[in-house]
Amino acid sequence: MPDRAVVVIGAGGHAKVAIEALRGAGWRVVGLTDLDSRPRQVLGAEVIGGDEALERLRGDGVEHAFVALGDNSLRRRMAGKAVDLGYRLATAISPSATVSAYARVAEGAAIFPRAVVNPDADIGELAIVNTSAVVEHDCRVGACAHIAPGAVLAGGVTVGEGALVGAGAAVRPGVSIGAGAIVGAGSAVVADVPAGGVVAGAPARPIGSQERPAG
Ligand code: JB2
C-alpha cells in the first residue's frame, strides 16, 4: 500500500471541498500551506505555514501535493513550484462523483461531489470539475480550466486551457471555448468562444475580452 500522505496548498474555500474529496478517496491530509500562515485548522487539518514549509515536508517524505487554489493562473503557478520541489500532483475525486472508466483524468485535477464525467471525456492536468457539473461524452477540458458548480458541457465540447465556465452555464454540443475564455454564470453558450473571450447571457454574447488569456 503506497503512502497516501498529501499536503494541500491553499486554505480557502476550495481547500475545504478538496480536503473532503481527498479524504473520501483515501488520502491522508498532513497539513495545508497558505499565504496567511497563521496557525489554524481547516476541517481539522493544520495550516502549517506558508509555502516555504513545502520544502521541509518534501524532505520529511511527503510525496504528493494538491493545489487547492481556485484561480486558474495561480493554481498553475503553484503546481509548477510543487513539481520543482519534487512533488507529484494528487488528484481529488470525490466518492460521490461519477467518472466513467472510459474517461481520462489527469494529475492534479479536482472532480467534486456529484459531478459527472462521461465516457471518452478528457480532463486535463489541474482542471476543476466542480460540484454537480456535468462533462458529457467526448468533451475535452484543458489543463487548469474550471467548470464551475452546476455547469453542463454537452457532448463533444472543448474547453481550452485556463478557461472558466461559470456556475450553472450550459454549453451546446460540439462548441469550442478558447483558452483563457470566461463564460458568465448561467449563460447558454450556443456558438464558439475565441481564446480570451468573455461571454455572458442566454444566448451568450461577447461582453469583452482579456488581453492575455488567463491560466
Ligand atoms: O501563493 C499562494 C497563495 N495565494 C493565495 N500560496 C498559498 N499556499 N496560498 C495562497 N493563497 C490563499 O488561497 C489565500 O491566502 C486564501 O487563504 C486562499 C484563497 O481562498 P479563497 O476562499 O478566497 O479562494 P479559493 O481559491 O479557495 O476558492 C475560490 O475558487 C473556488 C473554485 C472561491 O471562489 C470558491 O468559492 C470557489 N468554489
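A pocket is an open set of points on a 1 Å grid over the protein atoms alone, where a 1.4 Å probe fits, with protein on both sides within 12 Å along at least five of seven lines; lining residues have an atom within 4 Å of a point. The model is predicted: local features need pLDDT of at least 70, side-chain atom pairs count only at pLDDT 80 or more, and totals for chains, interfaces and linings use all residues. Residues are numbered from 1 along each chain as its sequence is written, and side-chain values use heavy atoms, without hydrogens or water.

**View 1. Lining of the largest pocket.** Ile9, Gly10, Thr33 and Asp34 are among the lining residues.

**View 2. The largest nonpolar core.** This core has 31 residues. It is a set of buried (under 20% relative accessible area, 1.4 Å probe, protein chains only) Ala, Val, Leu, Ile, Met, Phe, Trp, Tyr and Cys residues joined through side-chain atoms within 4.5 Å. Ile123, Val135 and Leu153 are among those with the most contacts inside it. Beyond its neighbours within four places in sequence, Leu153 is in contact (heavy atoms within 4.5 Å) with residues including Cys139, Ile147 and Val171. A second, separate core of 21 residues includes Val6, Ala15, Leu22 and Ala90.

**View 3. Charges over rings.** Arg4 lies over the face of Trp27, 4.1 Å from the ring centre. The charged end of Arg58 sits over the ring of Tyr87, at 5.9 Å from its centre. Here NZ of Lys or CZ of Arg must be within 6 Å of the ring centre and within 35 degrees of the ring normal.

Note on methods:
Buried < 20%, exposed > 50% of the residue type's maximum accessible area, 1.4 Å probe, protein only.
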